[in-house]
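I opened the notebook to look at an annotated site and its surroundings. Entries follow in the order I looked things up.

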Amino acid sequence: MSSKPPLTLYLAAPRGFCAGVDRAIKIVEMALEKWGAPVYVRHEIVHNRFVVDGLRDKGAVFVEELDECPDDRPVIFSAHGVPKAIPAAAEGRQMVYVDATCPLVSKVHIEAQRHSEAGLQMIMIGHAGHPETIGTMGQLPEGEVLLVETPDDVAHVDVRDPTRLAYVTQTTLSVDDTADIVAALKARFPDIVGPHKEDICYATTNRQEAVKAIAPKCDAMLVVGAPNSSNSRRLVEVGARAGCDYAQLVQRAADIDWRSLEGITSIGVTAGASAPEVLINEVIDALKARFDVTTELVETAVEHVEFKVPRVLRATA
């Protein structure tokens, strides 16, 4: 008989890497193969320290601004997207650059541009200071995109013409929170135009749905992800709201607060879209070292999405 306490582990699926993250990491790896080290990357390619450190070891140099990059080395823009001024500045310096913006974020950029050309002012639902929000707002001139973060913000937003508005959203938000903000927008601005298709990406939605399925069964939940990862932090909130009293964000197994897990008999494990499977397995192994674990996979969707890397990397050098 095992002397370890029994634990049922509900493993959420889908979890971890999404197609946009996969593609962004591949872009850095292929750029290093094509041009050799160093290759510069503006902002963390994805929000995960383990991934970033791994690419740094291979020769990627991470910087926050373009002016930290030399003219004669390739630069890659992160999966979160960049303001229009950044590629324009790179072209002005005749730099080789590769845009690793997730195609689902690019879709939001194109949408904002299209609405603006039709004479609509944009309202963006997002988090101030998040690179994706900065990138999307930076697609249009100053004042053309207004940011709201909560339903309360909607009451105070100062628009040019309430009948000529459209909204877009950050792709990594909580589906439920965003629905409340959209409802507030529609109540105040009945003519506001929404996206053709939900801006919140399939991976964010799927990971949140899987968490909602396991949360009511769990005494506690561990979300593997980085503190600066928006979609990982939303998973913690969704878990808590869906009935799991205790949800914890951990970057790695070493971050688990074991004292708070004393006496539990069931736990949920998931991971944000930028967390690699190796870190999820590390957390599962740490649980198995302390508990007699029975694992149950809870799969709410199957993902088959794949995004091609930019042509410049597919072409042979």
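With which side chain does the side chain of glutamine 170 make a polar contact? I found threonine 172, at 3.0 Å. I count a polar contact as a pair of N or O atoms within 3.5 Å; within protein, one must be able to donate a hydrogen and the other to accept it, and residues adjacent in sequence count only if both atoms are side-chain atoms.

Ground rules. This is a predicted model, where local features need pLDDT of at least 70 and side-chain atom pairs count only at pLDDT 80 or more, while totals for chains, interfaces and linings use all residues. Residues are numbered from 1 along each chain as its sequence is written, and side-chain values use heavy atoms, with hydrogens and water left out.

Glutamine 170. I placed it in the loop between strand S8 (165-169) and helix H7 (175-188); helices (H or I, at least four residues) and strands (E, at least two) are DSSP runs, numbered from the N terminus. Glutamine 170 is buried at 0% relative accessibility (buried is under 20% relative accessible area, exposed over 50%, partly exposed in between; 1.4 Å probe, protein chains only). A polar atom of its side chain lies 2.9 Å from the backbone nitrogen of histidine 127. Leaving aside neighbours within four places in sequence, I noted contacts of glutamine 170 with residues including His130 and Ser230 (contact means heavy atoms within 4.5 Å).

Serine 229. I found it in the loop between strand S9 (220-224) and helix H9 (230-241). Serine 229 is buried, at 1% relative accessible area. Not counting residues up to four places away in sequence, serine 229 touches His47 and Ser274.

Serine 274. Its loop runs between strand S11 (266-271) and helix H10 (277-290). Serine 274 is buried too, at 5%. A polar atom of its side chain lies 3.2 Å from the backbone oxygen of histidine 47.
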